Amino acid sequence: MTGVRVDIDKPLTGLLGDTTARDYADKLSKFNAYAKPELRRLIRGLDLRPGMHVLDAGCGTGDALNWLLSEVTPSARVVGVDLAAAHVAAARLLVPPEIQIHQADLFDAMFEPASFDFIWCVNTINHLADPVDGAIHFATLLRPGGRVALGQSSLLPDMYFAWDARLERATNDAVRRYYQDRYHIDEDDLKAVRALVGILRQATLRNITTHTVMIERIWPLDEATHAYLCETIFRDTWGERLRPYLSADDYQQLARLCNPLHRDFALRRPDFHFLQSFTLATGEI
């Protein structure tokens, strides 16, 4: 199946407007670099064994493919699938040739049933229009006793401003309302972010377990954390788009905290303390 492609104009879309042309490559790479210590520890705790066949469903830029491969070599099969052309291109530059990477929709009939021993799916299931259907599809790809792991960051609200919880709540609410307006979705559409256990149970998987870790960073920040927070959150996620959803005073305060040239820039504050949760829920067929 190496080299499978899909038509870039094919109208494949997810809940948040994901298409083959959507490009989160830079943000994904920065998240993986920042969260690498915690994600690698979680993978090491999954009791993966040499020779396993592993699928990364929604592999993004491919960082986890290398981490998974290190746990199942030799004689293993590691495969990544992602919808976005830019993600697949980035992943193919990152991983060794023995890892297969396909640009495709997760529901495409690419693999025979019972092809894999383990499926890793991180920050992806909530993008599907029907996450339960996605988990059911994953189950058909597993061999007897196989497992699927659904990972999701931020089931608990992230802490950005340890010194101002009110502004933090207002900012998070503004982001949520922006996404609801931008993608014409409501609270019901967003529930998959926190519904990992329910999704696995509805897919009739068994022996369900969960493990939540806290990604915690304080000032001074390491380079990977600074890049992730500064470039993908403070610059890209926040900013002018939030102005309609904040009071004038809150917007001006947030703008100062997001501006690396301002003396109030949050990531230079000695009291900067950042917390982000990451939850991994696993189920077995």
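How are H5 and H8 oriented to each other: roughly parallel or roughly perpendicular? The points below take up this matter and then turn to other parts of the structure, which is a predicted model.

1. Helices H5 and H8. Helix H5 covers residues 165-183 and helix H8 covers residues 248-258. Their axes come within 11 Å and cross at roughly 100°. Angles of 65 to 115 degrees count as roughly perpendicular, and H5 and H8 are therefore roughly perpendicular to each other. On the H5 side, the contact is made by Arg-166, Leu-167, Ala-170 and Thr-171; on the H8 side, Asp-250, Gln-253, Leu-254 and Leu-257 take part. By class, the residues of this contact divide into four nonpolar, two polar and two charged.

2. Helices H1 and H2. Helix H1 (residues 25-44) packs with helix H2 (residues 63-72) at an angle of about 20°, and their axes are 10 Å apart. This angle makes H1 roughly parallel to H2. The crossing in which H1 passes H2 is right-handed. From H1, the residues in contact are Ser-29, Asn-32, Lys-36, Leu-39, Arg-40, Ile-43 and Arg-44; from H2, they are Asp-63, Trp-67, Leu-68, Ser-70 and Glu-71. This contact of H1 with H2 comprises four nonpolar, three polar and five charged residues.

3. Helices H1 and H7. H1 also packs with helix H7 (residues 223-237), at an angle of about 145° and with the axes 8 Å apart. The crossing of H1 and H7 is left-handed. H1 brings Asp-26, Lys-27, Lys-30, Phe-31, Ala-33 and Tyr-34 to the meeting, and H7 brings Ala-224, Thr-225, Ala-227, Tyr-228, Glu-231, Thr-232 and Thr-237. The residues of the contact of H1 with H7 divide into six nonpolar, three polar and four charged.

4. Cis peptide bonds. The peptide bond from Thr-73 to Pro-74 is cis, with omega near -5°. Pro-74 is located in the loop between H2 and strand E2 (77-82). Trp-219 and Pro-220 are likewise joined by a cis peptide bond, for which omega is about 0°. The loop between strand E6 (206-218) and H7 contains Pro-220.

5. A positive phi. Asn-123 is not a glycine, yet its phi is positive, at about 50°. The residue belongs to the loop between strand E4 (116-122) and H4.

6. The second largest pocket. What is the volume of the second largest pocket? The value is about 200 Å³. The pocket is lined by 13 residues, and the closest to its centre are Pro-131, Asp-188, Asp-189, Lys-191 and Ala-192. Helix H4 (131-140) and helix H6 (196-202) are the elements that give two or more residues to the lining. By class, this lining has eight nonpolar, one polar and four charged residues.

Notes:
Residues are numbered from 1 along each chain as its sequence is written. This is a predicted model: local features need pLDDT of at least 70, side-chain atom pairs count only at pLDDT 80 or more; totals for chains, interfaces and linings use all residues. Side-chain values use heavy atoms; hydrogens and water are left out. On a 1 Å grid over the protein atoms alone, a cavity is a set of points where a 1.4 Å probe fits but cannot get out, and a pocket is an open set with protein on both sides within 12 Å along at least five of seven lines; lining residues have an atom within 4 Å of a point. Grid points are joined across faces, edges and corners, and a volume is the space filled by probe spheres set on the points. Helices (H or I, at least four residues) and strands (E, at least two) are DSSP runs, numbered from the N terminus. Ala, Val, Leu, Ile, Met, Phe, Trp, Tyr, Cys and Pro count as nonpolar, Asp, Glu, Lys and Arg as charged, and the others, Gly among them, as polar. Axes are lines fitted to C-alpha atoms, for helices over the stretch in contact, and angles run from 0 to 180 degrees between N-to-C directions. Angles under 35 degrees count as roughly parallel, over 145 as roughly antiparallel, 65 to 115 as roughly perpendicular and the rest as oblique. A crossing is left-handed if the near helix is turned anticlockwise from the far one by less than a right angle, and right-handed if clockwise. Contact means heavy atoms within 4.5 Å.
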